[in-house]
Amino acid sequence: MGDEGEGEGEGDRSAVRAEESVSGGVDVWSDAVSSHAPDHLLVMVHGILGSTADWQYGANEFVKQLPDDVIVHCSEKNASMLTLDGVDVMGERLANEVLDVISRRPELTKISFLAHSVGGLAARYAIAKLYRHPDSASDGNTKGTICGLEAINFITVATPHLGSRGNKQVPLLFGSVAMEKVACRVVHWIFRRTGRHLFLTDDDEGQPPLLQRMVEDHDDLYFISALRAFKRRVVYANADCDHIVGWRTSSIRRNTELPELPVSSSEKYPHIVHEEHSEAIDDDKCQDCMTECDMDVLEEKMVTGLRRVSWEKVDVSFHSSMTSFAAHSIIQVKYAFMNEGADVIQHIIDHFQL
């Protein structure tokens with residue numbers, strides 16, 4: 001990711017500077033003259049087998065449109081094959097990378113995350129590592145902080161929050177129960193430890209699957225408290241065409257909760273077809289839901305656990321796209337020649353809380 005020139009019609013305020021940091025990753029900021037340095041850090045996290053280049057378009061757009069407010073860091077510590085080492089290992093690396101960025105920029109006061117695919121799971125693990133309980137926060141913040149910074153936006157795009165096990169959680173398997181069972185047995189041959197985590201087949205030292213543990217607070221990792229620290233939690237989910245990550249898992253819903261999708265009537269966001277706000281459910285109601293539910297037990301534990309916090313849910317459809325087969329990448333605008341998902345990035349920017 002190299003230096004970018006000025007955007008059309010934006011003048012000096014849209015000038016973008018990108019630079020590799022000494023310890024890894026790419027920092028992106030506006031080169032325009034300003035009275036102050038941006039104090040809001042946006043950490044962008046790529047998906048499996050990805051790189052910093054995957055978020056190049058999104059990073060540049062954020063900085064062009066919010067030059068005085070945001071500095072973007074595109075994470076690199078889990079590039080390429082390192083994404084196969086497991087969600088927890090990825091999360092540890094990401095947490096250390098964020099700590100390094102914060103140490104280099106004392107002007108920072110706020111932090112947000114924007115993560116694609118399995119990067120969203122690594123980000124959830126990382127924020128649990130970085131979470132500071134309000135009792136130990138020097139500024140007295142009653143919500144807790146992420147490494148001392150005010151937590152603003154936690155946004156995931158096509159992330160398998162409920163894992164990839166279960167009916168149609170990986171649409172590429174066509175809903176075939178036999179194929180899904182085979183995938184559970186062989187996925188670790190291809191995606192190694194991360195594959196075990198996604199398909200909930202890991203049992204490290206006899207513990208429950210990692211993704212199940214990641215919907216509860218523990219003595220050393222506050223997974224739910226860390227999410228609660230953020231002012232906003234948003235999931236962008238491909239409602240159709242995504243062959244890699246299913247609609248339920250990316251939108252944190254049960255089958256019965258999937259909405260009927262209208263055709264988008266928005267000229268500005270033609271691929272945004274549905275938006276809703278899901279209120280947090282208290283622990284007692286969560287237990288009632290689990291008692292009444294007849295779905296996969298592990299999946300239900302993850303749904304109810306994650307419902308302890310509120311979520312904004314944005315459903316995306318590329319059904320009419322000529323390149324809908326690549327929806328998992330289009331939604332991120334991963335490749336320059338597939339920029340049809342630019343309206344999704346614009347939606348994220350327009351609704352980004354500063």
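1. Helices, as the word is used in this note, are DSSP runs of H or I with at least four residues, numbered from the N terminus. The model is a predicted one, and in its largest pocket α4 (177–198) and α10 (327–330) each supply at least two residues of the lining.

2. Sorted by class, the lining comprises 20 nonpolar residues, 8 polar residues and 2 charged residues.

3. As for the protein as a whole, it has 11 helices and 11 strands, and 55% of its 354 residues count as buried. Of the contacts with a separation of 6 or more, 72% are between residues 24 or more positions apart.

4. R232, which lies in strand β9 (residues 232–238), deserves a separate look. R232 counts as buried because its relative accessible area is 8%, under the 20% cut-off. The side chain of R232 makes a polar contact, at 3.0 Å, with the side chain of E312. Once residues up to four places away in sequence are set aside, R232 touches I152, N153, F154 and I155, together with E312, H351, F352 and Q353.

5. Helix α11 (residues 342–350) holds several buried residues, namely D343, V344, I345, H347, I348 and I349. An α-helix has 3.6 residues a turn, so residues three or four places apart point the same way. The elements that cover the buried residues of α11 include the helix α1 (56–65) and the strands β5 (110–116), β8 (150–157), β9, β10 (272–278) and β11 (311–316).

6. T249 belongs to helix α7 (residues 247–251), and T249 is classed as buried because its relative accessible area is 0%. Its neighbours within four places in sequence left aside, T249 is in contact with T159, P160, H161, L162, G163 and Q169. With G163 there is also a specific approach, in that the side chain of T249 reaches the backbone oxygen of G163 at 2.9 Å. The C-alpha atoms of T249 and R165 are separated by 9.4 Å, although these two residues are 84 residues apart along the chain.

7. Two backbone angles may be worth checking by eye. L49, found in the loop between β3 (40–45) and α1, has a positive phi of about 60° although it is not a glycine. L200, in the loop between α4 and α5 (210–213), likewise is a residue other than glycine with a positive phi, near 60°.

8. Is each of these two leucines buried, partly exposed or exposed? L49 counts as partly exposed because its relative accessibility is 43%, whereas L200 is buried, with a relative accessible area of 8%.

Definitions and conventions:
Residues numbered from 1 in each chain as written. Predicted model: local features only at pLDDT ≥ 70, side-chain atom pairs only at ≥ 80, totals over all residues. Heavy atoms only, no water. Nonpolar A, V, L, I, M, F, W, Y, C, P; charged D, E, K, R; others polar. Buried < 20%, exposed > 50% of the residue type's maximum accessible area, 1.4 Å probe, protein only. Polar contact = N/O pair within 3.5 Å; in protein donor to acceptor, adjacent residues only side chain to side chain. Contact = heavy atoms within 4.5 Å.
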